[in-house]
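Please find below a colleague's note on the model under review. The sequence and the structure are shown before the comments.

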Amino acid sequence: MSGELIAFFILGLIAIGGAVLMLNLSKVMHMVLALVFSFLSIAGIYVLLSAEFIAVVQVLIYSGAITIIMLFGIMLTRHNDTSEPQKAPLKNLLVLLGVVGFFLVMYFAVNNLTFGEQATDLHVDNTANIGIALFTEYVIPFELTSVLLLVALVGAIVLAKRDDEKEAEGDE
């Protein structure tokens, strides 16, 4: 077992553990922190795959920006912090068995996978290659994604504005 494989397993376990914690924790702030651990460990996996640019983007966008936006969204919206009753131990055991089963399936699937001949210059100029591919081959999906994100942003503003108007009418 090589050091790279050990690092992959550790990062994979942190990612899965963060995701499971995010789903099972009750406090929203704790959930966000667990999500950050998952994002950072996924960035570490990208580094292991020699995709440093994607790892940096993962850290900047997901671990930084998305998490901050989620925190602002949580703080700016009204949410009642009602504690839910603890889940049944049987359900937690089933979740744990599901995670272990998924891990074993993925382990055996990845361990027996052969990729054939690997490119040796995959990590050389990968940022430049991503830029060239993005603006030549994938320019239309890139622009459609930007339009979709803009529409989602406008929709979020409209929904937030509508709540403010209803609240103002209710106060009068």
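Predicted model: local features only at pLDDT ≥ 70, side-chain atom pairs only at ≥ 80, totals over all residues.

1. The secondary structure of the protein chain consists of six helices and zero strands, and the order along the sequence reads α-α-α-α-α-α.

2. Of the 172 residues in the protein chain, 13% are buried. The accessible surface amounts to about 13,500 Å², and carbon and sulfur atoms contribute 71% of that area. Among contacts in the protein chain with a separation of 6 or more, 62% join residues 24 or more positions apart.

3. Packing of α2 against α3. Two packed helices are described by the angle between their axes and the distance between the axes. For α2 and α3, the axes come within 8 Å and cross at roughly 170°. Angles over 145 degrees count as roughly antiparallel, and α2 is therefore roughly antiparallel to α3. On the α2 side, the residues making this contact include Val28, Val32, Leu35, Val36, Phe39, Leu40 and Tyr46. The α3 side contributes, among others, Ile54, Gln58, Val59, Tyr62, Ser63, Met70 and Ile74.

4. Leaving aside residues up to four places away in sequence, Ser63 touches Val36, Phe39, Leu40 and Gln58. Val36, Phe39 and Leu40 are also listed among the α2 residues that meet α3.

5. Ser50 is placed in the loop between α2 (28-48) and α3. Its phi is near 65°, a positive value in a residue other than glycine. With a relative accessible area of 28%, Ser50 is partly exposed.

6. Packing of α3 against α5. Helix α3 (residues 52-76) also packs with helix α5 (residues 126-136), at an angle of about 80° and with the axes 8 Å apart. The two helices are therefore roughly perpendicular to each other, since angles of 65 to 115 degrees fall in that class. Glu52, Phe53 and Ile54 of α3 meet Asn126, Thr127 and Ile130 of α5. Ile54 is also one of the α3 residues in the contact with α2.

7. A nonpolar surface patch. Which residues make the nonpolar surface patch of about 780 Å²? The patch is made by Leu90, Leu93, Leu94, Leu96, Leu97, Val100, Leu104 and Phe108. Phe108 is found in helix α4 (residues 89-111). Phe108 has a relative accessible area of 49% and is therefore partly exposed, because the exposed class requires over 50%.

Conventions:
Residues numbered from 1 in each chain as written. Heavy atoms only, no water. Patch = residues over 30% accessible without salt bridge, like charges linked within 9 Å, V, L, I, M, F, W, Y side chains within 5 Å. Areas by Shrake-Rupley, 256 points an atom, 1.4 Å probe, with all protein chains shown as cover. Salt bridge = Lys/Arg side-chain N within 4 Å of Asp/Glu carboxyl O. Helix = DSSP H or I, 4+ residues; strand = E, 2+ residues; numbered from the N terminus. Buried < 20%, exposed > 50% of the residue type's maximum accessible area, 1.4 Å probe, protein only. Axes fitted to C-alpha atoms, helices over the stretch in contact; angles between N-to-C directions. Parallel < 35°, antiparallel > 145°, perpendicular 65-115°, else oblique. Contact = heavy atoms within 4.5 Å.
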